[in-house]
Amino acid sequence: MDTKHDYIEINRKSWNTKTEAHIESDFYDMKGFLSGKTSLNTIELQHLDNLSGKSVLHLQCHFGQDSISISKLGADVVGVDLSDVAIDKAQQLAKKMGTNTRFICSDVYDLPNHLDEQFDVVFSSYGTIGWLPDLNLWAKVVSKFLKPRGKFVFVEFHPVAWMFDDNFEKIDYRYFNSGEIVEVSQGTYADQHADIEIKTVSWNHSLAEVMSSLLQNGLEIISFEEFDYSPYNNFKNMVEAAPRKFRIAHLDNKIPLIYALTAVKKLNNK
């Protein structure tokens with residue numbers, strides 16, 4: 001694991017700063033959410049399927065909108081995030097909305113020191129693994145918290161998208177993991193004009209790295225899909241090609257922007 005920078009504390013600080021901007025942003029539509037609108041997209045809803053009566057662990061949950069939306073589908077949910085500001089906001093939001101969603105402040109790798117349960121479903125989505133240097137350790141955590149035959153649902157931005165510069169005009173990064181990427185940026189994906197400066201440490205992860213880490217930790221991949229759009233207007237130079245389907249304007253449908261997979265924990269894994 002590359003530890004040239006204290007990436008956990010750097011990223012915790014960045015997400016604490018971003019959370020304050022995100023709560024107020026149109027991107028997260030807090031007014032609509034509080035009035036009953038789900039924060040979940042069609043892609044993840046189809047993969048999550050019927051959650052009534054199920055236990056769900058939501059990794060890297062930000063300030064809890066998706067965790068609470070899953071609770072409203074009848075699941076018993078625990079949301080986890082490394083940002084103490086985000087978790088505090090999530091707890092306040094769950095109380096305000098009258099759900100019993102639980103939240104834990106922890107980075108993914110340290111979660112076994114804070115939680116001792118197994119779940120029917122582990123869920124993670126959109127912009128999560130890029131903050132983690134070691135996917136084998138990530139997959140170990142996923143496997144640890146799944147019941148035998150439990151399901152892992154993962155929806156993520158496609159690694160091809162992370163190869164481009166911010167304007168999607170040229171290739172700036174390798175497809176494969178070449179170690180940490182340290183950046184300082186202005187604004188945030190939810191509000192590109194927010195008056196904040198953020199330092200982050202991230203990693204690119206190929207599809208092979210994702211899949212092999214899961215396979216090596218006792219999970220069987222049962223579905224995999226790629227999508228030529230994002231349900232979010234989260235990159236620069238995007239246009240809405242159809243309702244909730246955003247593409248890079250000058251690239252149209254030529255590149256994948258999202259992938260989704262479902263994996264099941266094998267019975268012989270404890």
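This is a predicted model: local features need pLDDT of at least 70, side-chain atom pairs count only at pLDDT 80 or more; totals for chains, interfaces and linings use all residues.
**Notebook: the sheet and its helices**

I started with α7, which lies across β5 (146–157), β8 and β11 (258–265) and runs at about 160° to β8.

I found an open sheet of seven strands, with mixed pairing and the order β3-β2-β1-β4-β5-β11-β8. At the edges I have β3 (102–105) and β8 (219–227); each has a single partner strand, so one side of each is left without a neighbour in the sheet. I noted a twist that averages 15° from one strand to the next.

Then I checked how β1 and β2 pair. β1 (residues 55–59) and β2 (residues 76–81) run parallel and are joined by five bridges. Opposite Ser55 I find Asp76 in β2. I also see helix α5 (residues 84–97) packing on the sheet, where α5 touches β2 and β3 and its direction makes about 170° with that of β3.

Back to α7, this time with its helix neighbour α6. For α6 (residues 135–145) and α7 (residues 207–215), I have axes that come within 8 Å and cross at roughly 45°. I therefore put the two down as oblique to each other, and their crossing as right-handed.

Which residues of α6 and α7 meet? From α6 I list Leu135, Asn136, Trp138 and Ala139; from α7 I list Glu209, Val210, Ser213 and Leu214. I sorted the residues of this contact into five nonpolar, two polar and one charged.

Notes
Residues are numbered from 1 along each chain as its sequence is written. Side-chain values use heavy atoms; hydrogens and water are left out. Axes are lines fitted to C-alpha atoms, for helices over the stretch in contact, and angles run from 0 to 180 degrees between N-to-C directions. Helices (H or I, at least four residues) and strands (E, at least two) are DSSP runs, numbered from the N terminus. Angles under 35 degrees count as roughly parallel, over 145 as roughly antiparallel, 65 to 115 as roughly perpendicular and the rest as oblique. A crossing is left-handed if the near helix is turned anticlockwise from the far one by less than a right angle, and right-handed if clockwise. Contact means heavy atoms within 4.5 Å. Ala, Val, Leu, Ile, Met, Phe, Trp, Tyr, Cys and Pro count as nonpolar, Asp, Glu, Lys and Arg as charged, and the others, Gly among them, as polar. Two strands pair if DSSP finds at least two bridges between them.
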